[in-house]
Amino acid sequence: MSTDPYPSSEADPELKSAKKSATRSLLQRFKTLIGQSEPEDREDIQEILCAAHDKEILDDDSYTMILGSISVTEKNVSDIMVSRSRMDILDASQSLQELLPTIIETAHSRFPVYENERDNIIGILLAKDLLRFFNEPNLKIRNLIRPAYFVPETKKLNQLLRDFKENRNHLAIAIDEYGSITGLITMEDILEQIVGDIEDEYDEEAEQTIFPESENAWRVMAITEISDFNETINSNIPEDEYDTIGGWLAAELDHIPQRGDTHDYENLRFRVLRADARRALWLHVKRSTPSTVPNKDN
């Protein structure tokens, strides 16, 4: 007698039969939706999926991910890449000590490294490799960079995702037909097209939206209420027209915030760290001089 408390479907004929029955049932329900005709194009498939969602054959998450998977096969790298002008890259001529403030402020896990000019990217620096710097203070950035992965900006996202998986890369540099740098794209960028926004480790603390980095610098979620922002940072952002700091910033910029956008308000500089096609997600806020705004409690 087996001692395995969770037998596999191969070991349990009844479980295997139940799985086949459930699969047949789902297929039969789809066949009922499409009738006797076969879908002829993507629009037909999307209509079938929409009907399945309306009839609760597919739940919200499954429906969204299937549509996202379809969209990935239709989009190119250029559709979602971070443009060249907004890339955070490091200069190989600088010491690691000089580069650390930029690395800490942007908080990326990977950085393209260039030599002489920004178009001459010579490799990728992984932030985790900087741990060696604490034991080797004289370490040069050239000793840490890894080969860069270049892809044409016209490459389909589903093909790039497969390449990422096979080559174990997480970041690619996009180039145009002339070999010039046009942007970068990460595996997370592609996955977010399928599953939606992927929250980072800061989001585990659901109630906290403002994270101090120093006395005059903060990492701020764009959904932060303006009233909370003003109270925490001791600022005077208007509260009468907008509820969140991200909504206010979009109005100030007069466009949907994009990664790398900056905006100065009084003695604060706002910089967009993360954004999607609809809104800002994460901001970096830095005060240029100590606050002169009187505390509301005084």
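Me: Helices (H or I, at least four residues) and strands (E, at least two) are DSSP runs, numbered from the N terminus. So which residue follows H6?
Reply: That's Arg168, and its phi is positive, near 60 degrees. Bear in mind that this is a predicted model, where local features need pLDDT of at least 70, side-chain atom pairs count only at pLDDT 80 or more, and totals for chains, interfaces and linings use all residues. Residues are numbered from 1 along each chain as its sequence is written, and side-chain values use heavy atoms, leaving out hydrogens and water.

Me: Which residues of H6 are buried?
Reply: In H6, which runs over residues 157-167, Leu157, Leu160, Asp163 and Phe164 are buried (under 20% relative accessible area; exposed is over 50%, partly exposed in between, with a 1.4 Å probe and protein chains only). They fall within an arc of 115 degrees when you look down the axis of H6, so they line one face of the helix. The arc is taken from the directions from the helix axis to the C-beta atoms.

Me: Why would residues a few places apart point the same way in an α-helix?
Reply: An α-helix has 3.6 residues a turn, so residues three or four places apart do that.

Me: And which residues are exposed on the other side of H6?
Reply: Lys165 and Glu166 are exposed there.

Me: What covers the buried residues of H6?
Reply: The cover includes helices H3 (60-74), H4 (77-80) and H7 (187-195). Strands S5 (150-152), S6 (171-175) and S7 (181-186) are also part of the cover.

Me: You mentioned H7. Is Val195 buried, exposed or partly exposed?
Reply: Val195, which sits in H7, counts as partly exposed because its relative accessibility is 45%.

Me: Switching topic: where is Thr106?
Reply: Thr106 belongs to helix H5, residues 96-106.

Me: Why does Thr106 count as buried?
Reply: Because its relative accessibility is 6%.

Me: What does Thr106 touch?
Reply: Setting aside neighbours within four places in sequence, Thr106 is in contact (heavy atoms within 4.5 Å) with Asp88, Phe111, Arg219, Arg271 and Leu273. A polar atom of the Thr106 side chain also lies 2.8 Å from the backbone oxygen of Thr102.

Me: Zooming out, how many helices and strands does the protein have?
Reply: Nine helices and 12 strands. The protein has 298 residues, and 36% of them count as buried.

Me: What share of contacts joins residues at least 24 apart?
Reply: It's 45%, taken among contacts between residues at least 6 apart in sequence.

Note on methods: A polar contact is a pair of N or O atoms within 3.5 Å; within protein, one must be able to donate a hydrogen and the other to accept it, and residues adjacent in sequence count only if both atoms are side-chain atoms.
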